[in-house]
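Open the model in your viewer and keep the sequence panel beside it.

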Amino acid sequence: LRKEENALRGRLRISTMRAFGEHVLLPLLAEFGRANPGVAMELMFTERRVDLVREGVDVAFRITRKPPEDCVAQPVLRYRIGAYGSAPSPLASPQALQQWPVLMLEGGAQSWLLQWHSRSSQVRETVELQPHISADSLEALVALARHGQGVVLAPDFCVQSDLAAGRLHDLLPDWHLPIAEGDCVQALTLPVHTAGANARALVHLVAQRLEHATPIRS
């Protein structure tokens with residue numbers, strides 16, 4: 001009876017970046033759903049920032065250094081952006097990317113100056129790259145890389161299964177590409193006195209399951 005009294009119920013509206021949602025969050029939502037069958041979940045994939053209050057979102061998973069002041073931010077996963085391709089041989093340095101067709105998220109047709117950081121030293125290397133293929137879907141770019149169409153620049157959480165299966169390889173294992181938004185996925189909720197029990201329970205589960213994920217070396 002006590003378990004029934006404490007059971008979570010109601011709705012839970014979740015916003016997430018598509019790549020993080022598909023590769024990391026979905027199995028955790030399934031686990032949450034099995035443990036809390038009384039909670040109806042609504043999942044919204046979007047790359048834009050959402051207004052939790054105006055849009056009625058309970059939890060938003062975002063990459064950001066500056067979460068909104070009216071939100072509580074809980075870091076849940078540190079990640080690294082690397083270069084991944086179907087060829088098994090690592091590249092000598094980021095400059096070697098200029099010899100490969102590069103697949104970039106929303107890269108457009110212009111050239112980009114990208115500063116790569118060594119993971120084992122203080123070395124920095126700036127490379128000018130023009131995307132061979134750009135898209136608004138990381139999953140599409142990863143699939144193209146899997147089919148030998150080039151080197152995809154992507155967060156490591158997008159390619160874990162491909163790396164494990166040998167479909168893709170880390171071509172610059174000693175390097176990472178920092179971005180302005182930071183290197184951490186955060187769960188954004190309203191303040192504790194406003195956030196519902198469903199939101200708090202989900203964030204706790206996600207943070208707990210991902211706490212042992214290997215962070216990048218800076």
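**Before you click**

This is a predicted model: local features need pLDDT of at least 70, side-chain atom pairs count only at pLDDT 80 or more, and totals for chains, interfaces and linings use all residues. Residues are numbered from 1 along each chain as its sequence is written, and side-chain values use heavy atoms, with hydrogens and water left out.

**Stop 1: the whole chain**

Show the chain as a cartoon. Its secondary structure comes to six helices and 13 strands. Helices (H or I, at least four residues) and strands (E, at least two) are DSSP runs, numbered from the N terminus. The radius of gyration is 19 Å, close to the 17 Å that the globule rule gives for 218 residues, so the chain is as compact as a globular protein of that length. That radius is taken over C-alpha atoms, and the rule is 2.2 Å times the number of residues to the power 0.38.

Turn the model along its principal axes. The C-alpha atoms fill a box of roughly 65 × 35 × 30 Å.

Now colour by burial. Of the 218 residues, 43% count as buried. Buried means under 20% relative accessible area, exposed over 50%, and partly exposed in between (1.4 Å probe, protein chains only). Contacts here are heavy atoms within 4.5 Å. Among contacts with a separation of 6 or more, 77% are between residues 24 or more positions apart.

**Stop 2: the five-stranded sheet**

In which order do the strands of the open sheet of five lie? Read across: E9-E6-E10-E5-E11, with mixed pairing. The edges are strand E9 (133-135) and strand E11 (169-170), each pairing on one side only. Two strands pair if DSSP finds at least two bridges between them. Strands of a sheet pair through backbone hydrogen bonds, either parallel or antiparallel.

- Select E6 and E9. They run parallel, joined by three bridges. Leu 103 has Ile 133 in E9 as its bridge partner.
- Select strand E6 (residues 102-105) and strand E10 (residues 151-155). Two bridges join them, and they run parallel. Val 102 is partnered by Val 151 in E10.
- Select E5 and E10. Here the sense is antiparallel, with four bridges. Ala 83 stands opposite Leu 153 in E10.
- Select strand E5 (residues 81-85) and E11. They pair in the antiparallel sense over two bridges. Look for Tyr 84, whose bridge partner in E11 is Asp 170.

Stay on E5. Are its residues buried or exposed? Five of its five residues are buried. In a regular strand the side chains alternate between the two faces of the sheet. On one side of E5 sit Ile 81, Ala 83 and Gly 85, and on the other Gly 82 and Tyr 84; both faces are covered.

**Stop 3: the three-stranded sheet**

Select E8, E7 and E12. They form an open sheet in that order, with antiparallel pairing. Strand E8 (124-129) and strand E12 (175-176) stand at the edges with a single partner strand each, so one side of each is left without a neighbour in the sheet. Six bridges join strand E7 (residues 112-118) to E8. Zoom to His 117, which stands opposite Arg 124 in E8.

**Stop 4: H2 against H6**

Select helix H2 (residues 18-35) and H6. Their axes come within 10 Å and cross at roughly 115°. Axes are lines fitted to C-alpha atoms, for helices over the stretch in contact, and angles run from 0 to 180 degrees between N-to-C directions.

Show side chains. The H2 residues that meet H6 include Phe 20, Val 24 and Leu 28, and those of H6 include Ala 201, Leu 202 and Leu 205. The contact residues divide into 11 nonpolar, one polar and two charged. Ala, Val, Leu, Ile, Met, Phe, Trp, Tyr, Cys and Pro count as nonpolar, Asp, Glu, Lys and Arg as charged, and the others, Gly among them, as polar.

**Stop 5: Leu 205**

Leu 205 lies in helix H6 (residues 197-210). At 11% relative accessibility, Leu 205 counts as buried. Beyond four places in sequence, Leu 205 touches Leu 28, Glu 31 and Phe 32.

**Stop 6: Thr 189**

Finish in strand E13 (residues 184-189), where Thr 189 is found. Thr 189 is buried, with a relative accessible area of 11%. Leaving out residues up to four places away in sequence, Thr 189 touches Leu 52, Asp 58, Val 59, Cys 71, Val 72, Ala 195, Ala 199 and Val 203.
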